[in-house]
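Trainee: Please take a close look at one part of this structure, the salt bridges, and explain them to me step by step.

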Amino acid sequence: MEEKTVNKTNTNSYTFIFAIIMVVVVGVVLAFAATSLQPRQYENMRQEKMQNILATVGVETDRAGAEALFEQYIKEQLVLNNEGQEKEGVNAFDVDLAKELKKVDTEQNFPLYIAEVDGETYYIIPLRGAGLWNAIFGYIALQDDVNTIKGAVFDHLGETPGLGAEITQEWFRERFTDEKIFDENGELIGVSVVKGNSSTSKDDNKVDAISGATITGDGVSNMISERLQHYLPYFKSKTELNVASNL
């Protein structure tokens, strides 16, 4: 009787072992690639953060030049507590607002960057809030009167392209320039993104909204007012110092 030769490559055990080997090999390769790229990714994030901070005070740069200009124009990096007092031992640049917002107000760190450009002083405040689908964030710079906006930068994790995602566009950001964050009664109310706002006034605490992006616009409004409120004690101390120096 003729014996049949069994092809071992067609057995279930061979397929199973081959699959395990491939999974292990691919996993090792991906882990190595992720580990190798991590320093570069971290550096890109650092440089992009510097770019965004500088953009609020009108200093545009590419990633390669961001660090040098950051060191040139950012004169101080502070971390405040909820009473506007400076905290020691905390690096402002390393503060992660996504983590800070999970804490109660009294335990949060509030980063503040102080820039000097062409002899003018600006206060740059990091922002973070909720959009339609995910987090929105950015930076807003105030002039030395801690009332007038010099510039703002916004970004997002998942807003709708062509709608809420438009908050990243320069034409939307420019609407905030020269707007005031205090109302005529001296109350800090921020700047509201309002649908159909056609006013050209920079004293009404309002900018025109993006059509079809009401929830994202509301998120921007809430983010600005909520974050700025925590800096109110610091603003008051700066205002009092300015008044005292003019006496």
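This is a predicted model: local features need pLDDT of at least 70, side-chain atom pairs count only at pLDDT 80 or more; totals for chains, interfaces and linings use all residues.

Mentor: Glu43, Arg46 and Glu67 are joined in a network of salt bridges, a salt bridge being a side-chain nitrogen of Lys or Arg within 4 Å of a carboxyl oxygen of Asp or Glu. Side chains of opposite charge can pair when their charged atoms come close. Residues are numbered from 1 along each chain as its sequence is written, and side-chain values use heavy atoms, with hydrogens and water left out.

The whole structure holds six salt bridges. One of them joins the side chains of Glu48 and Arg63, at 3.6 Å from N to O. Glu48 belongs to helix α1 (residues 12-55) and Arg63 to helix α2 (residues 63-73), so this pair ties together parts 15 residues apart in sequence; helices here are DSSP runs of H or I, at least four residues, numbered from the N terminus. Glu48 is partly exposed, at 31% relative accessible area, and Arg63 is partly exposed at 36%. Buried means under 20% relative accessible area, exposed over 50%, and partly exposed in between (1.4 Å probe, protein chains only).

Glu100 pairs with Lys103, their closest N and O atoms 3.1 Å apart. Here Glu100 is buried at 6%, whereas Lys103 is partly exposed at 33%. Arg227 and Glu226 form another salt bridge, at 2.7 Å from N to O. Arg227 is buried at 1%, and Glu226 is partly exposed at 31%.

Note on methods
Helices (H or I, at least four residues) and strands (E, at least two) are DSSP runs, numbered from the N terminus.
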